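Please keep the sequence and the structure in view while reading.

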Amino acid sequence: MQLSIIIPVYNRPIEIRELLQSISPQLSETIEIIVVEDGSTISCKDECQPLIDANKLIYIKQHNSGPGQARNNGAQNAKGTYLLF
């Protein structure tokens, strides 16, 4: 794994759907996506599910801790040499 794209999200399922539609054609085996749901009341897991099923996305849910902690949580779970936030 060369690149980990870490996306913290809070109550933005429509925006996540659009983002994933935009970047999914560019995915390869050297890129992973990590979505960290930061205590959202409106989950985006349904939007992520197709890429989760294809093993191209890691979905993490945490209690609301802010975007910094969500980025750190994503970085701790990343396998890539490079991290993109």
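A residue is called buried when its relative accessible area is under 20%, exposed when over 50%, and partly exposed in between, with a 1.4 Å probe and protein chains only. Glutamine 62 counts as buried because its relative accessibility is 12%, and asparagine 11 counts as buried because its relative accessibility is 19%.

This is a predicted model, in which local features need pLDDT of at least 70 and side-chain atom pairs count only at pLDDT 80 or more, while totals for chains, interfaces and linings use all residues. Residues are numbered from 1 along each chain as its sequence is written, and side-chain values use heavy atoms, with hydrogens and water left out.

Glutamine 62 belongs to strand β3 (residues 57-62), whereas asparagine 11 sits in the loop between β1 (3-9) and α1 (13-23); helices (H or I, at least four residues) and strands (E, at least two) are DSSP runs, numbered from the N terminus.

The table lists polar contacts, meaning pairs of N or O atoms within 3.5 Å; within protein, one must be able to donate a hydrogen and the other to accept it, and residues adjacent in sequence count only if both atoms are side-chain atoms.

| Side chain | Partner | Distance |
|---|---|---|
| glutamine 62 | side chain of aspartate 38 | 2.8 Å |
| glutamine 62 | side chain of asparagine 73 | 2.8 Å |

Contact means heavy atoms within 4.5 Å. Leaving aside residues up to four places away in sequence, asparagine 11 touches Glu37, Ser40, Thr41 and Ile42. With neighbours within four places likewise left out, glutamine 62 is in contact with residues including Val36, Glu37, Gly39, Gln69 and Ala70.
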